Amino acid sequence: MTVLTTVLRRIGTAILTIVLASLFVFLAIQLLPGDVAQQLLGQNATPDAVKALRESLGLDQNVWLRYGNWLIGAAHGDFGTSLVSGDPVGPSLFVAFRNSMLIAVPAMLIGVTVSLTLGVVAGVRRGRASDHVISLISLVVMSVPEFMVATVLVLVFAIAIPVFPAVVLRGSDATVLQLLPSVWLPMIVLTLAMAAYIVRTARSSTIDVMASEFITTAELKGLSTRQIVWRHAVPSALLPTLNVVALNVAWLLGGVVVVENVFNYPGMGKLMLESVFNRDLPTIQAIALLSALIYVVCNLAADLVALALDPRLRTRQRGRRARPRGTARRPAALAAASAGPATADTATATAGTSSARKDRA
Amino acid sequence: MTAALQSSPLTRFRGRLRGWTTPLRASTALSIGLGLIALHVVLALLAPVIAGHDPVVTDSTNVLSGTTWSHWLGTDQYGRDILSRVLNGGRYALLVTFLATTIAVAIGTVLGAVTAYADNWFDEVVMRVVDALLSVPSILALLVVVTVFDSGLWVIVLAVTVVYAPAVTRVVRGAARTVITQDYVTAARARGEKPLSIVFREILPNVLDVVLVEYAMRASWIVLLISTLSFLGFGANPPTPDWGLMVQENRTALTVVPMGTLAPIVALATLVIGLNLSADGLSKALGIDRAQQGATS
Amino acid sequence: MTTTVDDVPTTTGFVVRVNDLAISYTAGRTDVPVVRGVSFDIRPGRALGLVGESGSGKSTVARALLAHLRRGSRIVAGSVEVAGDDVFALSPVDTRALRGGTAALVAQNAGQALTPSMRVGRQLREALESHGLPSGDDRVQELVRRVRLPDPESIVLRYPHQLSGGQQQRIAIAMAIAARPQVLVLDEPTTALDVVTQAAVLELIRDLAVELEMAILLVSHDLGVVSSMADEIAVMRDGVVVEHRPTADLFATPEHAYTRELLAAIPGAALAPAPADGFAESAGSAEPDPAAVAPAPPVVQADGLVIRYARHLPAAVQDVSFTIAPRETLAVVGESGSGKSTLATALAGLIPTESGTFRFAGDGVSGDLAEPVSGRSLDLRRAVQLVFQNADTSLNPRRTVGAAIARPLKLFTGTASAERVGEILTEVGLSPSFAARLPAQLSGGQRQRVGIARALAAGPQLVIADEITTALDVRVQAEILQLLADLQRDKGLSCLFISHDLAVVRGVADRVAVMTGGRIVEIGPTGRVFAGPNHPYTRQLLDATLEPGTTELPDVQDAVATWRDAAGGGWRDLGDGHSIRNWEDA
């Protein structure tokens, strides 16, 4: 199997996942009890008015037909009309999305870089003071909910030392420039929340890799610690971390809900909360679909990066059923015959690995 | 079945007990973690006895008081005793977390083991569905469900289950796939055992350690998720004592009565730290490498 | 970095001096001694073999030469001097100069010892760079050529996983000799390799050692490997050297009781000279069995078997025919990838056969073995039982020994009493009290006994033994083989014995089939196959097998095929059931 087929297959799976997700979202919202038209118009609406609205919303059509229309529309960027404002969903979603990206992208870039570095450092220096400090801080940050981190930051940097505005006073019509002073605190909260998990995964994955035989070989070749870590260990250590990074990046979308709410920041999270509150179904659907898309794209990107990082994935045939289970020969068994202390060493090293957070979806 | 041939039940029990407590002695993280969880459970169970005040009774004459003899942590803006509200706030959180985690992990475990063993179209379909479910942000799914069905206990439990069972399925499936390559599973297949018998006898007992770690970890997520929901105003309704809700209510008075916000946060954080430490300690004690399993799933 | 190299202590004549070395491992609050009072010296150009079973501390000693201790270990007493320097007193910079510079290590499993994310050329270059040597492409390719790998230009561009095990090990050797070390430490360098590759790699190492005048410390559990390579042998047990003598002397007159035990346990050695009380009696000579008068119909009959894992893959087993008579042991020998284990898997019903006939006709049971497990009758499943290579993974770690044995009892006989489980345990040489234990509480040999007990519990007529002794130390291996032989005789079992080790096969099999590339190339009574004439492939295998005690390395070519199947196909019958697939020179 060539790289190209692997990539194509992976992309195909991603598209299938998106379509399935959109179907789930659509059906789930259809299943919600209550008549949307009735709710919109209130209890005193005349049956005629309700009927007219149903027709204009297309609610009288077959579910599958509506799903098809919706999906085709969504593919063209047409997400329907907001039930609340009466405006098309697309443009307002775009603005909210842009605003969220304004805090999420820097948070992602800083968070991923810093946390991977810290994780690798903690893993390499396992058991020393720097490792304990990094591990402890990440544990605490991970255990305190975002709304608390946000509150504390507001208290410190907006009230005690007023350098940043506590909340955004402008609405969704604010321009990027107007928002700029307000993005810092939300950004910091997002960065912290995301970094804690990546630090822990990167740490445990680094510990695993540092215990592997090829690191011992590199060490006994006379390489310096720096060369061993960055050239030999990091590429392998990053592999298991990639999925976590992808999931965390996707998770930022969930994170923005809380953060944007605390700071009154006009992004996607706030839009999500408002539309849920107002039962603005087309907007909810659009947000869900966009979120799913981001999730899938992030995962796809992680897989493609893994493909680039790991030559084994690139060049080895990975047919799942190439050999039936139970028949896979284990050369390791031969090795185990006489490895003695070396094997025991690897075993304890693996056992010593702390848990890594796989996903927080 | 025919386990005890020579040894008496008592020695067997002792042996088993020793087996269970070995990880405790091996890992301080696990001891502290389980200790924190136990503390929370005890406090939640005994809350009505030790709280001293009704958590929902307001007292307009005694608003935003600091620490006093009758109110150790002071009162909030409605004059409610903060300590009583914190103690009682844990009950709901723990109950929902326990129920939701148990159901989600149970479903995920069985589904993960079965799909891993099936390794056919069924596996393929389940995994695509799992992927699709995972791609919708959990907070959005919960918000929608809660808005529509109201935030009753079972609604939240079921919603959390639907949100988290897919993730558990994926992790357990990854672990089970490594178990399946072991010779004892091959031996069972060669004997002609039924698939379900293989799943329950051979595979499930050997992914239990992974499941245990998964349980502690998911629980910590769920505690945070539920408090977030309350914080956003979609969870517990006022005046129910709830940690997330308390933070939301007292946040504005943070500088006046810091205890109103800090107490529930400390309670929440210690519970989550307890769960996280347990997950860490368990995986260390049981020799599970989650990073690797993630890579194979 | 050559400062340490220049003043080699030629005065003493030793490049390695280990003096009263003691190493302990700290686990929790307890200190476990791993190595105690070990002393030895090695001169340039000489080779010392360090022999012992797993856990004897031999690898720990070997790695101490490179100032490497595993996490938690420390030097309790003694010193290690390499090229005149106490290696544990070196500064970090000097330690790095020692590692790979003065002393280099070749580890057991090159597949895991090479960094998977780096091209091998890059890794070789690094070995040169880190010791301040010129590291141009020509230098790297020169190294590759040195270890006799073909096509260096393209090999340096590959990743480790794109190389075969033998090629990986050669790259690891190239990396070790890059800086022309004075000491080469080999830690089980060929354990993961096939026998022919092993011989070729050992020959390469020996030639390089002569050329570069390296002192060699060779750690191995395999007496054959050590005796053919080392000038002296030190036998280790529980962290102590119990005997240290020149190789020939050690084999001729072993002094320590443990050494004698080790030598006695060598496959073939213990069994071949004593045909009277063994099962080897039937091998070679016609047995005085009543069945011999009128040959009993075979229990298993395979004719033209083809087995394929997936439609787009080449057949793993191609046109294979054989029979197994009642009470007979047929050994299938071959290297990894020869298809021998596939054959075992198909016989067990875990993969379907594509074509050919495959029948079982035992005592009261008959059936079609071409059917996978799901299509076989209960009786047929019962009659054919598997024993696995690796007893560590063949027992469910969460179930007691008793439960493991009771399961097939219940499934095949309907009842499983504690008494019956106890009886079966006794039959395999364990006490009934083992029933309450978990696999983790057993030693490797005990686990393999339980694996055999589980197969016996079904009451089989045919046992498939798939490399059952590969993962065991040599003394335990001898015990397990003896147990299997005894049970087979007592219960009248037939056996398909899969192995890569000709020495083991010689002791246990009545007939031998040699497989390569999915085909059988030679089949016949054990004595006849070992005596020859042979198919060139069998010859190569026989030649490459290192007999413990011989100090010569065989001259084996592992890269070039010297034969191919004859154009016309067909077999040559040498009589007495010994036949060879027709071949021609390639």
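Which are the buried residues of helix 14 of chain C? The legends below take up this question along with other views of the chain. This is a predicted model, in which local features need pLDDT of at least 70 and side-chain atom pairs count only at pLDDT 80 or more, while totals for chains, interfaces and linings use all residues. Residues are numbered from 1 along each chain as its sequence is written, and chains are lettered from A and ligands numbered from 1 in the order in which they are written.

**View 1. Overview of chain C, with its 23 helices and 24 strands.** Helices (H or I, at least four residues) and strands (E, at least two) are DSSP runs, numbered from the N terminus. The radius of gyration, taken over C-alpha atoms, is 26 Å, close to the 25 Å that the globule rule gives for 586 residues, so chain C is as compact as a globular protein of that length; the rule is 2.2 Å times the number of residues to the power 0.38. The C-alpha trace of chain C spans about 80 × 60 × 45 Å along its principal axes.

**View 2. Helix 14 (residues 340-347) of chain C, a mostly covered helix.** Of its 8 residues, 8 are buried, a residue being buried if 20 or more other C-beta atoms, placed from the backbone, lie within 10 Å of its own. The buried residues are Lys340(C), Ser341(C), Thr342(C), Leu343(C), Ala344(C), Thr345(C), Ala346(C) and Leu347(C). Just after helix 14 of chain C, Gly349(C) adopts a positive phi of about 85 degrees.

**View 3. The open sheet of 4 strands in chain C, with the order 2-1-4-5 and antiparallel pairing.** Strand 2 (30-42) and strand 5 (85-86) of chain C stand at the edges, each with a single partner strand, so one side of each is left without a neighbour in the sheet. Two strands pair if DSSP finds at least two bridges between them. Strand 1 (residues 16-27) of chain C is joined to strand 4 of chain C by 8 bridges, with Val16(C) opposite Val82(C).

**View 4. The hairpin of strand 4 and strand 5 of chain C, with 2 residues between the strands.** Strand 4 (residues 73-82) of chain C pairs with strand 5 of chain C in the antiparallel sense over 2 bridges, and Glu81(C) stands opposite Asp86(C). In this hairpin, Ala83(C) takes a positive phi near 50 degrees.

**View 5. Strand 16 (residues 384-387) of chain C, covered on both faces.** Val384(C) and Leu386(C) on one side, and Gln385(C) and Val387(C) on the other, are all buried. Strand 16 of chain C runs parallel to strand 17 (residues 462-466) of chain C, joined by 4 bridges, and Gln385(C) stands opposite Val463(C) in strand 17 of chain C.

Definitions and conventions: A residue is buried if 20 or more other C-beta atoms lie within 10 Å of its own, exposed if 12 or fewer, and partly exposed in between; C-beta atoms are placed from the backbone.
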